[in-house]
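Let's read a protein model together, one question at a time. Keep the structure open beside you as you go.

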Amino acid sequence: MEGLPSTRSILSSALEDIKGASKILGKIAVPIVFAHAAVGAFVIGFSLEASGFRASGPIAMSAFDSPWIRILQTAMQLVGLFVNIYFIDTLVRIVNRSIDEDATVSDALKRTGKLFVPVAWASILASLTITAGFILLIVPGMIFSVWYFFPLFVLVSENVWGSSALRRSHSLVRGRFWPSAVRIGMIGLVGFALMAAAACAAIFLLTLLSVIPASLRGGLSDTALFAIGGFVFLLLSGLFSLYVTAATVRLYIILKETLPAPSVDVTVVPKAE
């Protein structure tokens with residue numbers, strides 16, 4: 001069995017993937033990042049306004065129990081899942097060199113729409129299995145987290161659905177658990193560091209804006225300032241997540257290419273074009 005490349009090599013390859021596909025990413029991925037950030041900023045501003053938030057006063061936490069706020073938050077979580085699927089599908093095709101240079105946002109959205117339900121189901125199965133492992137004991141949960149890390153990538157790339165996607169994910173790391181776990185963990189740490197950098201940038205901007213006298217803000221309220229901060233964070237974190245997702249896709253492709261076909265039967269369901 002072939003050894004896995006180092007995490008540094010995987011991250012470098014992911015960066016080259018991003019650079020090489022900058023044109024297509026700028027056309028079909030970056031607009032989605034901006035749109036997601038804008039929607040998120042609206043939800044943040046609306047939620048804070050509903051809570052009666054003021055920078056110098058208390059927040060009415062009971063306002064966050066409003067049905068409308070809960071609906072908005074749930075919708076935002078679903079949008080986040082949709083965007084994650086969108087990125088995975090786009091970057092899998094980029095790494096596999098199977099993406100059409102003439103692809104449009106509309107085309108990519110249609111592909112993601114067809115994938116949403118099966119990917120959501122695979123995510124639920126993986127989450128339930130991992131959660132059950134943590135409930136039983138911490139160690140099984142950690143093991144399951146590595147075994148069932150790739151079902152979304154499997155579904156998008158190989159058309160393997162449901163529990164078969166989980167079995168396929170397990171087969172990818174079988175016999176090389178620790179090398180896979182280390183690389184998954186290191187990529188996760190890089191992602192955490194990038195998200196922390198995005199948060200620091202948003203906080204820094206928010207701090208600068210907050211010290212400006214209200215008379216010089218152009219009528220911007222406290223909630224508007226926080227919405228701007230949220231927009232900056234979501235924008236930067238979305239752009240950074242493209243890189244982290246590219247690195248994870250690269251690891252998945254390496255695992256798939258260096259492992260024989262799984263011994264278990266899998267259900268292959270062709271994607272509708």
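Q: In which helix is the place of Thr112?
A: The model here is a predicted one. In it, the place of Thr112 is in helix α5.

Q: Is Thr112 buried or exposed?
A: Buried means under 20% relative accessible area. Thr112 has a relative accessibility of 0%, so Thr112 counts as buried.

Q: Leaving aside neighbours within four places in sequence, which residues is Thr112 in contact with?
A: Set aside the neighbours within four places in sequence and look at what remains around Thr112. The contacts of Thr112 are then Phe82, Ile85 and Tyr86.

Q: Are helices α5 and α6 roughly parallel or roughly antiparallel to each other?
A: Helix α5 covers residues 105–136 and helix α6 covers residues 138–147, with their axes 5 Å apart. They pack at an angle of about 155°. Angles over 145 degrees count as roughly antiparallel. Therefore α5 and α6 are roughly antiparallel.

Q: Is Ile228 buried, partly exposed or exposed?
A: Ile228 is found in helix α10. Buried means under 20% relative accessible area and exposed over 50%, with partly exposed in between. Ile228 has a relative accessible area of 30%, so Ile228 is partly exposed.

Q: What distance separates the C-alpha atoms of Ile228 and Ala41?
A: Along the chain, Ile228 and Ala41 are 187 residues apart.

Q: With which side chain does the side chain of Ser164 make a polar contact?
A: Ser164 has its place in helix α8, residues 162–173. Its relative accessible area is 4%, so Ser164 is buried. At 2.9 Å, the side chain of Ser164 makes a polar contact with the side chain of Arg167.

Methods: Residues are numbered from 1 along each chain as its sequence is written. This is a predicted model: local features need pLDDT of at least 70, side-chain atom pairs count only at pLDDT 80 or more; totals for chains, interfaces and linings use all residues. Side-chain values use heavy atoms; hydrogens and water are left out. Axes are lines fitted to C-alpha atoms, for helices over the stretch in contact, and angles run from 0 to 180 degrees between N-to-C directions. Helices (H or I, at least four residues) and strands (E, at least two) are DSSP runs, numbered from the N terminus. Angles under 35 degrees count as roughly parallel, over 145 as roughly antiparallel, 65 to 115 as roughly perpendicular and the rest as oblique. Buried means under 20% relative accessible area, exposed over 50%, partly exposed in between (1.4 Å probe, protein chains only). A polar contact is a pair of N or O atoms within 3.5 Å; within protein, one must be able to donate a hydrogen and the other to accept it, and residues adjacent in sequence count only if both atoms are side-chain atoms. Contact means heavy atoms within 4.5 Å.
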